[in-house]
Amino acid sequence: MNQRISHALSRISNTYDDEEATSGVEELVRHGRESVGPIARLLTFAALTEANANCDTGERVYYLLKALRLIGDPAALEPALRFYVEIDDAVTRTGQTHYERHLIQVIGFAKALAPERAASLPTLTYDDVADRRGEARSAVEALLA
């Protein structure tokens, strides 16, 4: 992996400082498509729940999705949708509904990145995410098929 990309990912993953994380995002965007694979590898439920993280893991997800959105490569849609499935499975398995907020983030990202392709995805809100997870999951799986 390109050393600058690695360093940018490290800045996002090892800080509580918004300016530092934003500079990491900017660096990833400068590298464009080359950054998509390394970012996508960090979109996992394990990374979201990392016990020894040196950052707010929810914020890390926000910054990683922001970088992917700004890069604008449609290839980023599939890893993000797989991340959605992983989070949804974890919420079902653990009952930890506070992770549902990340489902909202991923759906929003998908709609911003590929509006036509993601048109079938429902818009989730904090008020209805629990009730519409099944509908959203079906739409996500259809896109992944």
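**View 1. Helix H8 packs against its neighbours.** The buried residues of H8 pack against helix H6 (77-94) and helix H7 (100-113). The model is predicted: local features need pLDDT of at least 70, side-chain atom pairs count only at pLDDT 80 or more, and totals for chains, interfaces and linings use all residues. Numbering starts from 1 along each chain as its sequence is written, and side-chain values use heavy atoms, without hydrogens and water. Helices are DSSP runs (H or I, at least four residues), numbered from the N terminus. Val129, Arg133, Ala136, Arg137, Ala139, Val140 and Leu143 are the buried residues of H8. Buried means under 20% relative accessible area (1.4 Å probe, protein chains only).

**View 2. Helix H8 has a kink.** H8 covers residues 129-144, and its kink of about 35° is centred on glutamate 135. The bend at a residue is the angle between axes fitted to the seven residues ending there and the seven starting there.

**View 3. Tyrosine 84 and its contacts.** Tyrosine 84 touches Leu103, Val106, Ile107, Leu124, Arg133, Ala136, Arg137 and Val140. Residues up to four places away in sequence are not counted. Contact means heavy atoms within 4.5 Å.

**View 4. The largest nonpolar core.** This core has 46 residues. Leu28, Ile39, Tyr84, Ile87, Leu121 and Leu124 touch the most other members. H6 gives the most to this core, with nine residues. A nonpolar core is a set of buried Ala, Val, Leu, Ile, Met, Phe, Trp, Tyr and Cys residues joined through side-chain atoms within 4.5 Å.

Technical notes. Helix = DSSP H or I, 4+ residues; strand = E, 2+ residues; numbered from the N terminus. Buried < 20%, exposed > 50% of the residue type's maximum accessible area, 1.4 Å probe, protein only.
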